[in-house]
Amino acid sequence: MLKRLTGSGISLLLGAMLSMTYHPASAEVLVVVSAEAPFTRLTSSDLRDVYLGRRTLIVNGAQVVPLDLTEGTAARSEFYTRYTGQTPAQIKAHWARQIFTGRGQPPQALANSRAVVERLVSDAKALGYIDPSFLDERLRVVTIE
Amino acid sequence: MMLLVIWGSTYFLVNKERMSIERQAELSVGEITDTYEARVVRALREIDTTLKLVRFTANSSNHSSVLSVLNEQRLLPPALLFTISIVDSQGMVVETTDPGLLGQRLTPPAQAMLDDDYLAVGEKDANQITFTRPLRPEQESAQGGGSGWVIIAIDANYFVSSYEVRSLGQQGMLALVGADGIVRVRRSGDVIHSGELMDIGAWKSSTLDAVSAPFMTHWQGVERYTLVRELYDFPLSIVVGLSAQEQLAAAHQLARNYWQRAGWTSGLLLIILAILGRLSWQLQWARRRVMEERVSHAQQVEHLAFHDTLTDLPNRAFLSHLITQAVKLGGRHSESFALLFLDLDRFKLINDTLGHDAGDHLLQEAASRLTTSVRESDVVARLGGDEFVILLSKVSRRDQIEPIAQKILSAIREPFMLAGQECHVSVSIGVSLYPFDGLDEQTLMKSADMAMYQAKLLGKNTVQFYTDELSAEMDVRLTLESGLHRALVSHEFRLFFQSKHDVEVGSTLGMEALLRWQHPTLGLLEPAQFMPLAEESGLAMPIAQWVLENACRQNMLWQQEGFPALTMAVKISARQFYDNSFVESIKEALATTGMDPWLLELEMTESMLLQDVQRTASLFAEIKKLGVKIVIDDFGTGYSSLSDLNALPVDTLKVSSSLVKRLSGTRRDQQLSSSVIELGKRLGMQVFAKGVASHEQSHFIGSHSSLPFHGFYSNRPLSAEESCQREK
């Protein structure tokens, strides 16, 4: 709504400001995509929906495949706490329910950020979060609005 | 009635609601169970499929990293919830999706040891349920578990994650129970339990159709609508329960609302009824009061209509009614009664001198004395004024009435205290008796009235009974009374004359005029017969005036006929004497007839003059101024006050005839008479003898010149013509 009211220019500026406010905190986790990915920004609600399995299609109709880290990694709990507002235990309960009731499957979990990076590079549709230290030029940081 | 309807329908509604909710709960349990069963079965199939897939892959490839290969192919369930491990025959973990388990020892379940191809469900693991299959189900593993097992451990929450508080509440239940009765996992609200023992066998046997028909269980203090389903192909049962208390809470709330509403409605209804009742009661009360007021008003009006306001005694109208009643009763039962007609003797005087208040007080006091003097059954009534009537019932003889009458007389004779002074009053009573003195009210009243009048005439303070003679007298009285008015106009009065003679030669000195009434039917009447009546009816003065004038006129006529001038004596009554116009009337008579005043002699009795000596003196003075003479009549009979008499300018004394008679009696009598005559003479008055009837007697007086008379009166009254003849 805000976007529609102010026009794209202002929204860009706003977006930049918002991402700047997020950057200091995302020192431990970054949401990233392949450099070839067709999008570089996501709304936080889109991101949450994608990771909680509520939707799979976003941004110009392009499919996004979320990638997860295995349980117990620091980046994982940081990511879920920050972007979904839920603890890992809650996320677990959420997926238990989703799976049991047949409504969906959790994102594919990879053992570490490196595996995520490798996967992102090979798959333009993939979306992931990594420890910032694994960020390289093949990836692009997704701005979360 | 209304309350019965309200409470009845409330009970019906509450019951219906409760039943509907129970049915709803049962349906709900059924639906939830169906869904839950399907999900559990699917989950178990997936698990079993995974186990079989791992076993197949492991057996066929003999690869050491079976799980990672499968994981890469995304053939394994998410590691987030499912931990898949391959253990060797010793239970050592060979490969696992949870790196933390590597190299640890896992104990496969007992069943898994026995049966070669059996999905064994772990008994009791902390928050986990394990499913195990042997790695080699083929014949070579006859010993069982010779080459190890594939084990999947799943977070127990997984199997109850479909619990929705919205439909199952905080006290509902989703549970997975092993065939051994041990609860693998149970969720109620947000709390998850495991390891409990649930006797589902007993529950199932207690109901005919435990699969589809929910039944009530009471387990760990909670009542639930429960369904138990044994899963096909798996050694597990699911148990679904809905808390009766929670499900019925709404119904209870609703019921409470209904009961409350019924209560309010009933209360309102009762209040309305109470208000209506009160209003109607008030209306009735007001009506009754109006009626009572009307009745009491009517009674009051009736009382006023039939009672005297002053004394509260029955009035004339009521008395009349009572007498009529008594007459009727008397006629029927031949009972006699008496009427006493009472009149207070000096009431008018008291009323005039002491005032009306004193008069009223006297009447009230008299009324109460009368009432106490007679029997309770007798009636005392007031006719008005000072007239009372007493109705004595059941008396027939005079000797019965006499004592009562005497009692009344003495009661009234007691002094009254009026206006601060003691007054003596008496009463005159006339009595008439039914049926002797009259057969109707009017006659009886008239008879009693007549008797009372007679009592008055007889000197008051006395009782008089009605007699037929009385009636006759009364008739005469009435005849006279009515005739009197006419008499003056139709010249029925006559004057008769007695002559006055000189004692020595016997020549006529004067005349005395005497009044007579020539009544058309009763004949010649003397004044005593009609003058009291005339006084009562106010005719006394006109008659007296007529006498005075006509006497003078007659005297003048005689003089015109040539007779010598004679004195003319006229009797004056007390009433006439004390009348204010007395002197004026004399002047008028003299003026109209032209008679010389010194010829006129006014005769008065001694007692009359002495009533008010001063007044008499002043009147005499005026009379003397006119030149008219004054004569004392009947001297020597009554009481004489010689000093008073001496002070008055009296010209002549007429010695009473009784005294004259004594002159021919004993010596003592003669002396008395002589002394009296002598006394008059000495006082300087002319003394004449009265009542000399015969010529002999007059001669006797004349011949005895020693007697001190100036002259005498002839005894026989003559008419004017006869007198004229005689004088010739």
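A crossing of two helices is called right-handed if the near helix is turned clockwise from the far one by less than a right angle. In this predicted model, the crossing of H12(B) and H13(B) is right-handed.

**Chain B overall**

- Chain B holds 23 helices and 28 strands.
- Of its 728 residues, 33% are buried.
- When contacts in chain B between residues at least 6 apart in sequence are considered, 59% of them link residues at least 24 apart.

**The six-stranded sheet of chain B**

- Six strands of chain B form an open sheet with antiparallel pairing, in the order S8-S7-S6-S11-S10-S9.
- Strand S8 (191-193) and strand S9 (215-219) of chain B are at the edges; each has a single partner strand, so one side of each lacks a neighbour in the sheet.
- On average, and with direction ignored, neighbouring strands of this sheet are turned by 25 degrees against each other.
- Three bridges join S8(B) to strand S7 (residues 183-188) of chain B in the antiparallel sense.
- Arg186(B) has His193(B), in S8(B), as its bridge partner.

**Helices against the sheet**

- Helix H1 (residues 2-61) of chain B packs on the sheet, where it touches strand S6 (173-178), strand S10 (222-230) and strand S11 (236-243) of chain B.
- The direction of H1(B) makes about 150 degrees with that of S11(B).
- Helix H6 (residues 244-306) of chain B lies across S9, S10 and S11 of chain B, and runs at about 30 degrees to S11(B).

**The H12(B)-H13(B) pair**

- The axes of helix H12 (residues 468-489) and helix H13 (residues 527-536) of chain B come within 10 Å, crossing at roughly 65 degrees.
- H12(B) contributes Arg477(B), Leu480(B), Glu481(B) and Leu484(B) to the contact, while H13(B) contributes Phe530(B), Leu533(B) and Ala534(B).
- By type, the residues of this contact between H12(B) and H13(B) are five nonpolar, no polar and two charged.

**The contact between chains A and B**

- Chain A gives 15 residues to the contact and chain B gives 13 residues.
- On the side of chain A that touches chain B, helix H4 (88-100) and strand S4 (108-110) of chain A each supply at least two residues.
- H4(A) provides the largest share of that side, with seven residues.
- The residues on the side of chain A that touches chain B comprise seven nonpolar, five polar and three charged.

How values were computed
Residues numbered from 1 in each chain as written. Chains lettered and ligands numbered in written order. Predicted model: local features only at pLDDT ≥ 70, side-chain atom pairs only at ≥ 80, totals over all residues. Pairing = 2+ DSSP bridges. Helix = DSSP H or I, 4+ residues; strand = E, 2+ residues; numbered from the N terminus. Axes fitted to C-alpha atoms, helices over the stretch in contact; angles between N-to-C directions. Contact = placed C-beta atoms within 7 Å. Nonpolar A, V, L, I, M, F, W, Y, C, P; charged D, E, K, R; others polar. Buried ≥ 20, exposed ≤ 12 C-beta atoms within 10 Å, placed from the backbone.
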